[in-house]
Amino acid sequence: MASYRDSKVLVAAVCGLLTGTVLGLGVWRTMAWIQTVASSSKPPLELCRNGGTWANDRCNCPELWRGLRCTIPNFCENSTDKMFTFKRIPVGSYGYSEEVCERNTPSAGKPMATRLCTLSETGQIKLEAATTGNCSASLQSLETQIDDIRNHSENISTEVQILTSNVNQLTSEGISAAANVVGQIFNLSNHAVPKAKEVAVATVSQLLEAREDVFQRAVDTGSPSPFNTLIKEIEDYSLSLSNGSVVQPNIAVQSVAPSENAAVSFTSVRFSVLRGSSDSFSSGSTSVDTNTDRLETSEVTELQILLSATTDKLEDCGFVAYQNSKLFQSKKFSTSTSFSQKVISGSFKENKTRGNSKDVSVEMAFNTKYRPTGYQLHSYACVYWDFSLNDWDTRGCVKVPSGRAEFLHCRCNHTTSFAVLMSFLKDYKYPEPLDRLSTAGCALSITGLALTVAFQIVTRKGRKSSVTWVLVSLCSSMLIFNLLFVFGIENSNKNSGASGGDPHTQRNEIPPADTKDRSNPGCTAVAALLHYFALATFTWSGLSAAQLHFLLLRTMKPLPPHFTLYLSLTGWGVPAGVVAMTVGIIYAQHKEEWELKYRQEEVCWLAILEEKNTLKSPFLWSFAMPVSVILLSNVAVFITITVKVLWKKNQHLTSTKRVSSLKKLLSTLSTAVIFGITWLLAYLMLIDDRSTRMAFSYIFCLFNTTQGLQIFILYTVRNKVFQREASKVWKSLSSSTERMTFRGPSVSQLRLRVRMYNMLRALPALNERFRLLEPSVATEETALSAGGPGGASA
C-alpha cells in the first residue's frame, strides 16, 4: 500500500512539474504585460486643431486650414451668388454649385456654376463672381468646337472645367476629350485670353485627380497624342507668363524673365516647390531665385530644379510642377499604388528643339518624404519624358550624390519634363522571436508528441490498427507543425535588410514598378507546409471524433470496410488538395506577385488581407473556414459522447463498479484535448476590448502550445504499459549508477533505493485507477484507452 502511494506521488510530481513550469511562464508573461501597460505614457496633448496631424515637429494642416496649429482659415465661407449655393472653397481653388444639371440634359449631374476663391496681395480672402455653365454641353461636343476657341475661349474653358469637376464621373473618353480641348486653349496660335488659360490650368489640376486606371484606359483605347500635346502646350504657356504664376492643387506653373531695364541678365535660375500645410500646391508654395548657382534644399523643400546656361545668358524660363505623373502614361514603369511620382519641367524660351539642347545643365532635387509611410526606398532612376518614344528615358541624365539622405539628386544635359521614378519596398514590422512561453510550450509539446508516437508504434499489438493509426497520424502532423512553427515561422528577410544594395550607387535604370516584393521561396515553402500540416492536424482531430463515434455510440455495428484506408486518404489527402488548390488559384490570378498574396511577409504564414479584401484572404477561405467546420462537428460529437457515455448513470451497476467523478473528469478532459476543443478560444481573441483580448490570447497560447504535452500526459503517462517500461528504465539507470559508484553506499542511501525500487514495482498496479471506461460501458477492444486515455492493452 505504501509503494502504491509513493508511485502515485512520483507520477503526480512529474506531471505537476511540467505543467507548473508552463503555468509559471504564463503568469510571468501576464505580469510583465500588466506592468508594461501600467507604465505606458499618456498620449501627448493635442496641439494641432481642425484635423491637423503632428509630424516632423510641425502641424500638417488639411487644405482648409493653415498656421502653426491649423487655426487660421484657408477658405471662403459658404456663399450664394446668382441663385447658386456654394459650400466652403479652399483658397486658390474653384468651388462648384450644389445645383446640378437635370437628368435629361447632356451634362446631367454636373454643377451648373463655378466660383473662384482667391487671396489678394494684401492677404485678404475673397470670392469672385459665379460663372454659369451650359447644361446642354458635353466634353465630346466641346471637342468639336476647337475651331471656335479664338472667339469663345473663356466660355469653352469654363465649360470644360465645370464638366470635369466631378472626377469620380470622368471616363477615359472624357479625359481624352478634355485634354484635347485644354491643349488647344494653351496653344499660342489660337490666341485664347489669359483668363481662359488660367481656368484651363484648374481643369488640368482636376484631371490629375482622376483614377490612374482611367488614364491608362484612355491611352490603351486611343493614343497618347492628346496628353503629349497638352504637356508641350503647358511648357510653352509657362514661358509666356512674364514673371507670373498660376498655382492649383495639383499643378503649378511659373515663369521668370529678366527685366527690360536690367543691366545684367542671369546665367542660372532655381525654381523651388515648398511643402505646404497640406499635400496640395498653394499660392505661396513656389519660389524663384536668380542669384544662385546651386541647389539649396531644406526640410520644407519638396521639389527643386536649377537651370544653368553653359555658353550664353538665359532669357525667359518656364517651370511646371505636376503633383503626379498621370499625364505621363508609361509602358516601362507601372504603378500599382497611390504613391505620388511628381514631375517637374524646365525650359528656355530660345530653346525650340526640346530634348537636344546641349548648352544647358539641369540639376534637380526630389524629396522622398511625400511617399506614404511604412516603405523604404529600393531603387530609383533619373528620367525625362521622350516625346518621340511617348515614354520615360534616361539618356543624358545621371544620379548625383546628395548631402541630405531624404533627397534624390539628378543632373541632365537638356531641358524637358523630368521625374525621379522610385520603387519602394514595404517596411514590414517583423515580430520578435517566439517568447519563452511559446518556446517552452512548443518544446514540451514536441517532446511529448515524439514519445507518444514512439510508444503507440511500439505497443501497437493488441489494439485495433485504425485506433493506433489515427492517434499516430494526429500526433505526427501536430509534431511536424510544431517543429516548423518553432524553426521556420520567422522570415529570413528579417535579418537580410533591403535587397539590391544602396539605391544611390545603382545604375540609372528605370525600375519596372513603383513597388517591389521581397522574394523568399523558402518562406513560401514553409508557409505551404505549415498550411498543410495545420489542416492535417485538424482533419485527423475530426477523424478521431468520427472514429470514437463509431466505437462508442455504434458498438453493435462493425466498422466500414477499408476503414483505415479511407481515413488515410481523408486525413492526408484532403489537406493536400486544399493547399494545392489555394496556391493554384492565387498563382493564376497574380502570377509574379502571387507569393505575398498567399503568405505574409512578416511571418511565414497565410496572408490576412486588408479589411476591404477580407473575403479574398487565403487565411479565411482555405484555413479558418474548414477548421471552423471541423471544430463545430467535434464539439457536437464531444457533447454527445460526454452525455451518452462518459457521464451517463447506470443504476444497475454496483457501487464498486461505478466510475468515480475524477475518472469521468479525466476522460472528459482527454476527449476534449484530442478533439482540439481549446482552439475555440481563438474566437474569443476577436473581442474588441484590448484587455479581454489579451487575456484570452495568453490562455489560448498556454493551452494550445502545450496540446502535445497534454496528449502525452493523458494518453501515455497514464498507460500501465508505459509505467511498467518507465519502471524498468528507472531501475536500470539506478543499477548503472550504483555500479559506477566507487564508494560504498551509506545506510540512508540504501534505504532510499530500496524504497524507490518497491515504489516502482507497484506502478503496474495503477492501471485500474487510470481506466477510462468500465467493462460494462465498453469492451477492452473499444475502450478509449486503445485510442485515447487509459492504458493500452499490452
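Conventions. The model is predicted, so I kept to its limits: local features need pLDDT of at least 70, side-chain atom pairs count only at pLDDT 80 or more, and totals for chains, interfaces and linings use all residues. Residues are numbered from 1 along each chain as its sequence is written, and side-chain values use heavy atoms, with hydrogens and water left out. Helices (H or I, at least four residues) and strands (E, at least two) are DSSP runs, numbered from the N terminus.

Helix pair. I looked up H4 (residues 172-186) and H6 (residues 212-221): their axes come within 8 Å and cross at roughly 80°. Axes are lines fitted to C-alpha atoms, for helices over the stretch in contact, and angles run from 0 to 180 degrees between N-to-C directions. H4 and H6 are therefore roughly perpendicular (65 to 115 degrees). In H4, Ser172, Ile175 and Ser176 meet Val214, Phe215, Arg217, Ala218 and Thr221 of H6 (contact: heavy atoms within 4.5 Å).

Strand S20. Seven of the eight residues of S20 (residues 360-367) are buried, so the strand is largely enclosed by the rest of the structure. Buried means under 20% relative accessible area, with a 1.4 Å probe and protein chains only. I found S20 joined to S17 (residues 301-309) by seven antiparallel bridges, with Ser308 partnered by Ser361. Six bridges join S20 to S24 (residues 407-412), also antiparallel, and Asn367 stands opposite Phe407.

Sheet. I traced an open antiparallel sheet of seven strands, ordered S13-S14-S18-S19-S25-S21-S22; strands pair if DSSP finds at least two bridges between them. Its edge strands are S13 (245-248) and S22 (391-393).

Technical notes
Angles under 35 degrees count as roughly parallel, over 145 as roughly antiparallel, 65 to 115 as roughly perpendicular and the rest as oblique. Buried means under 20% relative accessible area, exposed over 50%, partly exposed in between (1.4 Å probe, protein chains only).
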